[in-house]
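Please read it alongside the sequence and the coordinates.

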Amino acid sequence: MSQLVCKSLCPGYDGKEILHSVDFSVDAGDYLCIVGENGSGKSTLMKTILGLQPAISGEILYGDGLQRNKIGYLPQQTVVQKDFPATVKEIVVSGFCGQNGFKPFYSIKQRITAQNNIEKMGISHLTKRCYRELSGGQQQRVLLARALCATEKMLLLDEPTAGLDPIVTAEMYSIIKSLNDSGITVIMITHDISAALKYANKILHIGQKLFFGSPKDYREFQSGLSLNGGCEK
Amino acid sequence: MSIFSTIAQYFSYPYVVNAMVVGVLISLCSSLLGVTLVLKRFSFIGDGLSHVAFGAMAVAAVTGLTDNMYIVLPVTVICAVLLLSGGQDSVIKGDAAVAMISVGALAIGYLIMNVFSRNLRSSNLSADVCSTLFGSTSILTLSNTEVWLCVILSVVVVAAFIFFYNKIFSVTFDESFAKATGTKTGLYNLLIAIIIAVIIVLAMNLVGSLLISALVIFPALSSMRVFKSFKSVTICSAALSVGCSALGLLISILLGTPVGSTIVAVDIVVFALFSLLGLILRGVKK
């Protein structure tokens, strides 16, 4: 049974459709890359999957023990976070916030898990450091550790390597790959087609023409696009 | 007579004790949420909402309500909710929305006061407006009921803040992550908005409309110069705020200066000191 199935899903804002009828499914352990040009609606699709905004039509089914609010999310950085006074520890443990309901404080078990996730990301030496003093790559690891607190099954990553230099980008990809190998389903929005082809086992291309399938088929789809003038417009 | 015996003498008057209690409580409450507001880019909400409260007071004065709390509190709460509960999705973003409501309410309030009080022949309009905006000596003329109201509301605010501390952190740091992982961000934004409105209505008695922003932002900004974790920043700004207000009140009682402006002046001095301290600490690290 699939963890996540989108059936003729039409995401959009204010009653206006941005994408028409997206169909795809994700099974446990998959590595799905969502690619497409700027403004094609990748982030809107992701927000719809996360339940941050309602879909215009179509449906999203969660299965295989996955609940909508049990998806770990790595958002793009916001302006607010740039000068936020908070330690790495405080941020990572806040990944549990949604699960606690009205319970006011985190349990000891949650704190330990948070610490383990910090170690898993290789940033345990930064635990007490202030978030705003870290480098871009370190900040992404912090947010990834927080996302791990929120989920055991699925991660959604919104351009995790945006603004990172090539070396740090490569490190980031290998961390994500190792998480995927440990059994966590990964859905990643990216501009980096070569990384998508290298790591993903499924690719969803968004634009005027939709594509969903294996990386191998995606190469053919791409060459089809370039035969039509190299551009999908 | 030494300064201490003068102070001791002043504290034998119950109204001075009342003023001190209310001053300390209000500054404690406003500083707690100050950190969140500064980080959410809502530094000016104190100013904006206090203008709303001023507008509502004008309406209350004109309609002849003796206890204007009944109009001022609900109107301010509604405006705070409108401003804050929209969160990241609001149509008009943070600063513009605050500016709009603030200027609008100020203008309408003054207009109403001016037009209608001509009929009422209320004597000294500009002095009334001035004391509403800059705070008057009303903190020295608090009734026992007002003091108790303030104590109860402060206890509620502090308790709510401690109880929801982790949620407030989560919603402030990253609203979309919090929402995606199942935190009821709408609810907490609403809660924050209501608490802020209540604090501002309370604080108008102390420092007046125009100086409320200072109570909200100065302690938060000062402690952000030096401290690095959210918890230490919050605790430090609460301590700073209480200390500055107490000191400011003492000075204003001793020297006969206006209460509100004196407190803000103390806040500014502390901010300067903390900025310097922050620079030194960073320099030492390097």
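This is a predicted model: local features need pLDDT of at least 70, side-chain atom pairs count only at pLDDT 80 or more; totals for chains, interfaces and linings use all residues.

1. Overall form of chain A. Chain A contains 8 helices and 11 strands. Its C-alpha trace spans about 55 × 40 × 35 Å along the principal axes. The radius of gyration of chain A is 18 Å, which agrees with a compact globule, because a globule of 233 residues would have a value near 17 Å.

2. Burial and contacts in chain A. Of the 233 residues in chain A, 39% are buried. Among the contacts in chain A between residues at least 6 apart in sequence, 71% join residues at least 24 apart.

3. The sheet. Six strands of chain A form an open sheet in the order S7-S8-S9-S5-S10-S11, and the pairing is mixed. Strand S7 (71-74) and strand S11 (211-213) of chain A are the edge strands, each pairing on one side only. On average, neighbouring strands of this sheet are turned by 15° against each other, direction ignored.

4. Within chain A, strand S8 (residues 154-158) and strand S9 (residues 185-189) pair in the parallel sense over 5 bridges. Leu155(A) has Val186(A) in S9(A) as its bridge partner. Helix H5 (residues 136-150) of chain A packs on the sheet and touches S7 and S8 of chain A, with its direction at about 165° to that of S7(A). Helix H1 (residues 42-50) of chain A lies across several strands of chain A, including S5 (31-36) and S10 (202-206), and runs at about 150° to S8(A).

5. The interface. How many residues of chain B are in contact with chain A? There are 26 residues of chain B in contact with 26 residues of chain A. On the side of chain B that touches chain A, helix H8 (165-173), helix H9 (175-180) and helix H12 (230-255) of chain B each supply at least two residues. The residues of that side of chain B divide into 12 nonpolar, 7 polar and 7 charged.

6. The nonpolar core. The largest nonpolar core holds 148 residues, and those touching the most other members include Leu156(A), Val186(A), Ala53(B) and Ile200(B). Helix H10 (residues 185-207) of chain B contributes the largest share of this core, 14 residues. Leaving aside neighbours within four places in sequence, Ile200(B) is in contact with residues including Leu49(B), Ala53(B) and Ile212(B). In soluble globular proteins, nonpolar side chains tend to be buried together.

Note on methods. Residues are numbered from 1 along each chain as its sequence is written. Chains are lettered from A and ligands numbered from 1 in the order in which they are written. A nonpolar core is a set of buried Ala, Val, Leu, Ile, Met, Phe, Trp, Tyr and Cys residues joined through C-beta atoms within 7 Å. A residue is buried if 20 or more other C-beta atoms lie within 10 Å of its own, exposed if 12 or fewer, and partly exposed in between; C-beta atoms are placed from the backbone. Helices (H or I, at least four residues) and strands (E, at least two) are DSSP runs, numbered from the N terminus. Two residues are in contact if their C-beta atoms, placed from the backbone, lie within 7 Å. The radius of gyration is taken over C-alpha atoms; the globule rule is 2.2 Å times the number of residues to the power 0.38. Two strands pair if DSSP finds at least two bridges between them. Axes are lines fitted to C-alpha atoms, for helices over the stretch in contact, and angles run from 0 to 180 degrees between N-to-C directions. Ala, Val, Leu, Ile, Met, Phe, Trp, Tyr, Cys and Pro count as nonpolar, Asp, Glu, Lys and Arg as charged, and the others, Gly among them, as polar.
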